[in-house]
Amino acid sequence: MFDSISIGTSGLLTHAKGLRVVGNNLANVNTPGFKSAQLQFAELFDQGSGPKAPQDSPHSNGLGTGVASLGSKINFRAGLDQSTGNPLDLNINGNGFYAVRRDGEILYTRSGDFRFDEKGILVNSAGDQVMGLDSGSKLTEISLDKFNNSAAKATGTVKFRGNLTMTTTTPPIDAKVNAIPVFDANGVSQPISLSFKNNGGGNFTMTATNAANATLSTQQLKFVGGLLDPAQGPLTVNLAAAGAPAVNVKLDFAGITSTSETTTLAPNANDGYVAGARTDTTIDADGSVQVHYSNGQTVKAARLALANFEADSALEQIGGSAFAKKEGSSVQYGFAGTDAFGKLLSGHREGSNVDLAEEFGNLILMQRGYQASSHVISTANDMIQQLFDMKGR
């Protein structure tokens with residue numbers, strides 16, 4: 001009977017652990033990237049107790065001595081997809097894990113709620129630094145330190161669209177395009193104007209002038225069958241501004257026509273721009289950090305690293321929705337969209353994978369197991385008390 005009390009006690013202790021695991025799961029039902037766990041029960045067995053059963057008997061020689069726990073098993077099932085609207089939040093559709101650095105140690109997590117801290121370093125909600133891969137495939141922090149500003153760029157090409165009328169008037173009127181924005185090497189706007197003298201037969205004389213109405217260039221422009229003559233050479237304007245190196249600006253008329261319709265000629269694209277300051281950052285589906293500037297430019301910064309493991313058993317839970325790699329296990333690093341790392345969904349994150357219905361069922365099981373174990377102890381205690389009472393008579 002004293003053994004029965006020991007068995008009942010093992011049940012109380014083990015189900016108390018189970019209740020703790022269930023409670024932890026329920027407490028983290030809203031924790032991003034949290035992975036639920038389930039306590040593993042195992043029977044304690046005494047091989048040496050009792051008389052030996054015959055060799056061909058189906059009965060066991062020993063008796064059970066209670067229950068013990070073998071630790072908790074982590075459920076790596078993906079959590080619910082949660083839309084956040086934050087362009088830095090990411091959800092992995094696949095097997096990959098984010099690599100993060102905490103106190104110098106590389107950890108792994110599925111929690112993708114990211115932000116840039118006051119130092120311009122990408123971190124998650126726990127403050128762990130999110131890792132990227134450099135050109136040498138080494139893990140490195142993702143920093144905006146070199147992406148605060150966008151340098152100005154001198155205009156190299158101006159593209160045009162529309163129509164340049166071939167109809168001549170009396171008196172002749174030159175077609176004009178005024179105040180075309182062109183940027184010098186310092187990013188300062190140096191607008192130019194173009195006028196087109198119709199010489200007939202699809203031939204035009206183009207004159208470029210600057211803001212002071214000084215002539216910059218005079219060149220010939222020819223159309224055949226309403227389209228730019230394939231033999232037409234490039235038209236360039238040399239732009240020299242005070243305090244800035246001279247630049248040659250190419251005028252691209254390949255996309256325009258010359259018909260009897262009215263002139264609608266206008267600039268369509270300009271590859272020059274002024275200097276700009278960083279205004280926003282986003283992360284693409286391939287994990288590339290995109291930095292946006294006030295001058296309309298966007299550049300790619302570092303690219304997030306994803307980690308992949310041969311089996312989930314290579315990871316051990318350490319808290320904060322993070323896992324550490326077990327000693328002796330291997331990890332492979334790569335990028336989203338390649339191999340088995342999975343794809344990224346921006347503006348979303350992975351929520352907890354706790355199943356409330358399942359956990360409430362487990363909660364009832366733990367309660368019933370605990371109550372049953374306490375009844376075992378209570379009954380054994382009553383029997384012992386009866387034995388003492390019989391001895392005292």
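A: A salt bridge here is a side-chain nitrogen of Lys or Arg within 4 Å of a carboxyl oxygen of Asp or Glu. Side chains of opposite charge can pair when their charged atoms come close. The model is predicted, with local features needing pLDDT of at least 70 and side-chain atom pairs counting only at pLDDT 80 or more, while totals for chains, interfaces and linings use all residues. Residues are numbered from 1 along each chain as its sequence is written, and side-chain values use heavy atoms, with hydrogens and water left out.

By this rule there are 5 salt bridges, and one of them joins the side chains of E350 and K35, at 2.4 Å from N to O. Because E350 lies in strand β30 (residues 348-350) and K35 in the loop between α1 (2-27) and β1 (37-46), this pair ties together parts that are 315 residues apart in sequence. Helices (H or I, at least four residues) and strands (E, at least two) are DSSP runs, numbered from the N terminus. The side chain of E350 also meets that of R110 in a salt bridge, at 2.8 Å from N to O. R110 belongs to the loop between β6 and β7, so the pair of E350 in strand β30 and R110 links parts 240 residues apart in sequence.

Buried means under 20% relative accessible area, exposed over 50%, and partly exposed in between (1.4 Å probe, protein chains only). E350 is buried, with a relative accessible area of 1%, and R110 is buried at 6%; K35 is buried as well.

R349 forms a salt bridge with D113, the closest N and O atoms being 4.0 Å apart. Since R349 lies in strand β30 and D113 in the loop between β6 and β7, they tie together parts that are 236 residues apart in sequence. R349 is partly exposed, with a relative accessible area of 23%, whereas D113 counts as buried at 11%. Through shared partners, salt bridges join K35, R110 and E350 into one network.

The surroundings of D113 complete the picture. Its loop runs between β6 (105-109) and β7 (114-116). The side chain of D113 makes a polar contact (a pair of N or O atoms within 3.5 Å; within protein, one must be able to donate a hydrogen and the other to accept it, and residues adjacent in sequence count only if both atoms are side-chain atoms) with the side chain of S111, at 2.8 Å, and another with the side chain of S125, at 2.9 Å.
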